[in-house]
Amino acid sequence: MMTHLVESPSGLASGAPRPAPSRSILNRSVAEGVGTFFLLIAVVGSGIAGERLAGGNAAIALLANSAATGASLVALILAFGPESGAHFNPLVSFVEASFHELPGGDVPFYIVAQTAGAVAGVGAAHLMFGLPLYAASRHVRTGAPQWLAEAVATFGLVIVIRGAARLGTVAVAMAIGCYIAGAYWFTASTSFANPAVTLARSLTDSFSGIRPADAPGFVAAQLAGAWAGAAFSRRVFLPPN
């Protein structure tokens, strides 16, 4: 996810929310970590709740999981966008740095915060639902169709972010939340599209999990999709105001 708050001549916010330049890297990293923490609580917690309440109906569980994740993303991007950019995703941070929307030296700090927040979010979700703090997932997600799905999901995420950036902060938040909720359904992988999320979800043996052995294939596909999305955006989209 990405954001960037710009003041127009009228004093009204315009463009996508960008990290406030006055904020220290520590403050912005903490914002990224806390935002990613709540994102993983939404992903894993809603998956556990959905699976328990669906009575074995995987479609209902996925509906609950996708709706909760998409809605939470909208709220989190609106809340944290002005502070850090609300990336919550190492690949988005890399892409934003490639567009000079984030200083390259900030990217390692963002990645560490995002990854730590994601892992902590899984643990918090487990504790709230009475599960062990962490458990290696046994959910098999591998093979060419799944890898293609992750590449497509990440490509789509990047172009949605870059395209919506021209329309304003609320548009970015809504576009990302709606895209991820939809991509849960139209991709075979249920659209992880995020290396930090992938790593963290390997630590939950619940509805949203992925086997640790399958995570590297997902991350490689996500890298390819992000690169393609950035290249496409650079050629097709005008820069945000």
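The model is predicted. A search of the whole structure finds six salt bridges, and the largest nonpolar core has 36 residues.

**Salt bridges**

- Asp106 and Arg28 form a salt bridge through their side chains, at 2.8 Å from N to O. Because Asp106 lies in the loop between helices H3 and H4 and Arg28 in helix H1, the pair ties together parts that are 78 residues apart in sequence.
- Both partners are buried: Arg28 has a relative accessible area of 10%, and Asp106 has a relative accessibility of 11%.
- A salt bridge of 2.9 Å, N to O, joins the side chains of Arg23 and Glu83. Arg23 is in the loop between strand E2 and H1, whereas Glu83 is in helix H2, 60 residues apart.
- Arg23 is partly exposed, at 36% relative accessible area, and Glu83 is likewise partly exposed, at 26%.
- Glu101 and Arg162 are joined by a salt bridge whose closest N and O atoms are 4.0 Å apart. Both residues are buried, and shared partners link Glu96, Glu101 and Arg162 into one network.

**Nonpolar cores**

- In the largest core, the residues with the most contacts inside it are Leu39, Leu40, Phe88, Leu157 and Ile176.
- Elements giving two or more residues to this core include H1, H2, H4 and H5.
- Another core, of six residues, lies apart from it and includes Phe99, Val158, Ala226 and Ala230.

**An exposed phenylalanine**

- Phe186 lies in helix H6 and counts as exposed because its relative accessibility is 51%, with the cut-off set at over 50%.
- Phe186 and Val197 are eleven residues apart in sequence and 19 Å apart in space, C-alpha to C-alpha.

Conventions. Residues numbered from 1 in each chain as written. Predicted model: local features only at pLDDT ≥ 70, side-chain atom pairs only at ≥ 80, totals over all residues. Heavy atoms only, no water. Buried < 20%, exposed > 50% of the residue type's maximum accessible area, 1.4 Å probe, protein only. Core = buried A, V, L, I, M, F, W, Y, C linked by side-chain atoms within 4.5 Å. Helix = DSSP H or I, 4+ residues; strand = E, 2+ residues; numbered from the N terminus.
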